[in-house]
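Welcome, and thanks for loading the model. Keep your selection tool at hand, and we will walk through it one stop at a time.

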There are 2 protein chains.
Amino acid sequence: MITLNMGYKRLDPAYLFSNIAERVNQYEHSHPKAKIIKLGIGDVTEPLPDACIKALHKSVDEMASKKTFKGYGPEQGYPFLRDVIAEKDYQQRGANISSDEIFVSDGTKCDIANFQELFSNDIKIAVMDPVYPVYIDTNVMAGRTGVSYLGRFSSITYLECTPENNYMPDLPTSPVDLIYLCYPNNPTGQIITKKELEKWVQYAHENQALILYDAAYESFIQDPELPHSIYEIPDARRVAVEFRSFSKSAGFTGLRCAYTVVPDNCRAYGVNESSYTLRSFWNRRQTTKFNGVSYPVQCAAHAVYSDEGQSQVKSLIDYYLKNAAVIREAFLSMGYQCTGGDNSPYIWINVKTDSWTFFDSLLNKTGVVCTPGIGFGNCGKTFIRISAFNDYHAVLEAVERIKQSHDIILEDIEYQSKNKTY
Amino acid sequence: MITLNMGYKRLDPAYLFSNIAERVNQYEHSHPKAKIIKLGIGDVTEPLPDACIKALHKSVDEMASKKTFKGYGPEQGYPFLRDVIAEKDYQQRGANISSDEIFVSDGTKCDIANFQELFSNDIKIAVMDPVYPVYIDTNVMAGRTGVSYLGRFSSITYLECTPENNYMPDLPTSPVDLIYLCYPNNPTGQIITKKELEKWVQYAHENQALILYDAAYESFIQDPELPHSIYEIPDARRVAVEFRSFSKSAGFTGLRCAYTVVPDNCRAYGVNESSYTLRSFWNRRQTTKFNGVSYPVQCAAHAVYSDEGQSQVKSLIDYYLKNAAVIREAFLSMGYQCTGGDNSPYIWINVKTDSWTFFDSLLNKTGVVCTPGIGFGNCGKTFIRISAFNDYHAVLEAVERIKQSHDIILEDIEYQSKNKTY
């Protein structure tokens, strides 16, 4: 009898963003003329940089001619792309990463979801709370998280990020083996200094732990003192894997390209503490279960590193950060506590009420979509996340609507809260 | 301590095609002037159909403009592509498949590698021998296959395909739960009739088993009596998942697009034989661990179904089948037994000697690369696979070289066999 992996039954029935989409669809259905402004899901809205468009057209033409046609590429990515990533994203910032430590893929979500496959099922994992749900869900599917009670799994260590600790979690008090860190953080927009990151690297060394460092929003960092990569910390190579994406830097969410860095001295353990290079395991995983990224897309990613590409990407980042500033200023002016939005496209707003209630009131009274914080974990239950990925004028309009309807939103929340059956 | 999934240590250290690539590199190094002809790995050589090129350029232009830019697409694929697949690949052939049962992805290798995640770890799997190594390797990684001894895993049921049974395996004699079938077969090139496929569907119903049907080479079928899809068999929807690809039909190996069909009444079992729809599990897997296929690539796949695209794909298939006929005729004329090559791009040749020895002699005496059958399993140990994916003139030259050097190859094999230390 073909029996199922019952890990899947322990998951919430719907992925957070599908749940949001459903509520938005309901609203659209009952308000067919409303102009909805989506500041929920972190999807970019600006077109691809012109340098990438040119590279795409050129590579498509190569695919049209027998002499220049490309079939299967290396599963790890083409050397032309791995080389430029190693040089420009790492070596030029003083991080000692070589091109054969770079694995090009079709998305950070895929890579960080798949990476846990490399480990035994009895490792202890730690995640920040609030957290990007994929880190947890993929471990639930793998059967690594124990039973769920009141929104938390018994075998996961939750590193709480609250106003009290300025959204910077303490080190775990009992040992953990695999630590998911994300900076600039999704959803809180919080950043990390070199000194704070050093603490985590030291913890990993002392506990033979591994850090999965999600740096998908690295390109939003403006403060020159902040680390862009965990490999800017001495000795991090041994204990950290880093994930980066072209989705939010160059607007590749619909094009699909990312990469993962697995340093060649990054190790994990077998029986009797014998150690193995993690890179060879990931290489085996990718060559067996993946077939590389579309050639034209890799050419577009390569074009991001040209002078023209770099300047166009900078304009994109500036554009979204201008949006972020508008959103943050507006919520601050209405008296909310906010983090993020300066080195990050996300603003994390303390709404001090149930986050789905706020989501519903905001949607119904203004047509603006946010993300309810509870979708990211218990510590998000009175927060919302607002994304700066949208058209500037749409952001201005959203903010204006919210400001004008703020009293009505608050009344509606009070009404909803009184009448809700929990 | 971060401990590894030791399933990976039970794998052969190198993936078959990496092993071949290494030997070819060595040969290239010692014969820098030799013109190597690669008939090993099944990679296409002809450029993309013009209909696809046009669709790519058009969609790249859409990505350049704010009004038509596409960010994240649906993880399951765009409706425009799912609809045309359901209509043209299934409904028009009398197979009752709807668009919401189609999941577009970046490759059949990825999908068939990932699909086993949905099942519990104690299911019994059955594979044909010889077999595409990914089916086995991904189950080894998952820890489902027991220990390895003399090239076979203790918990896998091997369905032997030999000259004696005309490479058509018998039904398993002890119950299995998950059956990997591949038709037209890789590597043997063997095809399956409706009547024979009905036996497997009936077996799956009787044993509450599931068939993973790999139809990546479906477009090579010429005989109008042969089934293109397992869903041409009545009641197969309940017990079969089908995998298809644009790689070998429209030459997308470097572009990356495929799809998987999970019918909405296809079920697997939980505890107490409670049953669940597999489609919801796969949908949860894909929405959590995957982010959809590149938009321009989906537009190119859509163009495959236009009249222009269909006619261009037919030309590509005809081209490779002409190569296949040349290869098969040549080996038949030299006295070898062959299967495949008429409804398949692969020719499976009984060389009656150790397959790596034949591989080495063929490479060293003619510069032609084949795939040693042992790479596909014990039943392939005296076979080689030759792929028809190459330039027609290169194929003619390869065949000419082999014919002219045939005696030298045989002598070399005899010499190698005598001097080899086993």
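How many bridges join E2(A) to strand E10 of chain A? Select both strands: four bridges join E2(A) to E10(A) (residues 258-261), and the two run antiparallel. Strands pair here if DSSP finds at least two bridges between them; helices (H or I, at least four residues) and strands (E, at least two) are DSSP runs, numbered from the N terminus.

A word on the ground rules before we move on. This is a predicted model, in which local features need pLDDT of at least 70 and side-chain atom pairs count only at pLDDT 80 or more, while totals for chains, interfaces and linings use all residues. Residues are numbered from 1 along each chain as its sequence is written, and chains are lettered from A and ligands numbered from 1 in the order in which they are written.

**Stop 1: the sheet of chain A**

Now widen the selection to the open sheet of seven strands, ordered E2-E10-E9-E8-E7-E3-E6 in chain A, with mixed pairing. E2 (102-105) and E6 (156-160) of chain A are at the edges with a single partner strand each, so one side of each has no neighbour in the sheet. On average, neighbouring strands are turned by 20° against each other, direction ignored. Next, show helix H3 (residues 79-90) of chain A, which lies across E2 and E10 of chain A and runs at about 120° to E2(A). Such angles run from 0 to 180 degrees between N-to-C directions, with axes fitted to C-alpha atoms, for helices over the stretch in contact.

**Stop 2: inside chain B**

Select strand E3 (residues 125-129) and strand E7 (residues 178-182) of chain B, which pair in the parallel sense over three bridges. Here B:Val127 stands opposite B:Tyr180 in E7(B).

Then go to helix H9 (residues 307-333) and helix H11 (residues 392-404) of chain B, packed at an angle of about 5° with their axes 10 Å apart. H9(B) is therefore roughly parallel to H11(B), a label for angles under 35 degrees, with over 145 being roughly antiparallel, 65 to 115 roughly perpendicular and the rest oblique. Residues making this contact include B:Tyr319 and B:Val326 of H9(B) and B:Leu396 and B:Val399 of H11(B); contact means C-beta atoms, placed from the backbone, within 7 Å.

**Stop 3: where the chains meet**

Show both chains. Chain A can be laid on chain B with an RMSD of 0.0 Å by a turn of 180° and a shift of 0.0 Å along the axis, so the two copies are related as by a two-fold rotation axis. The superposition is by least squares on the C-alpha atoms of residues with pLDDT of at least 70 in both copies.

Which residue of chain A comes closest to the rotation axis? Pick A:His57, with its C-alpha at 3.1 Å.

Around this residue, select helix H2 (residues 50-63) in both chains: the two helices pack at an angle of about 175°, with their axes 10 Å apart. That makes H2(A) roughly antiparallel to H2(B). A:Ile53, A:Leu56, A:His57, A:Val60 and A:Met63 meet B:Ile53, B:Leu56, B:His57, B:Val60 and B:Met63.

Finally, select the whole contact, which takes 68 residues from chain A and 68 residues from chain B. Among the elements of chain A that each supply at least two residues are H2, helix H7 (278-289) and helix H8 (295-303).

Key. Contact = placed C-beta atoms within 7 Å.
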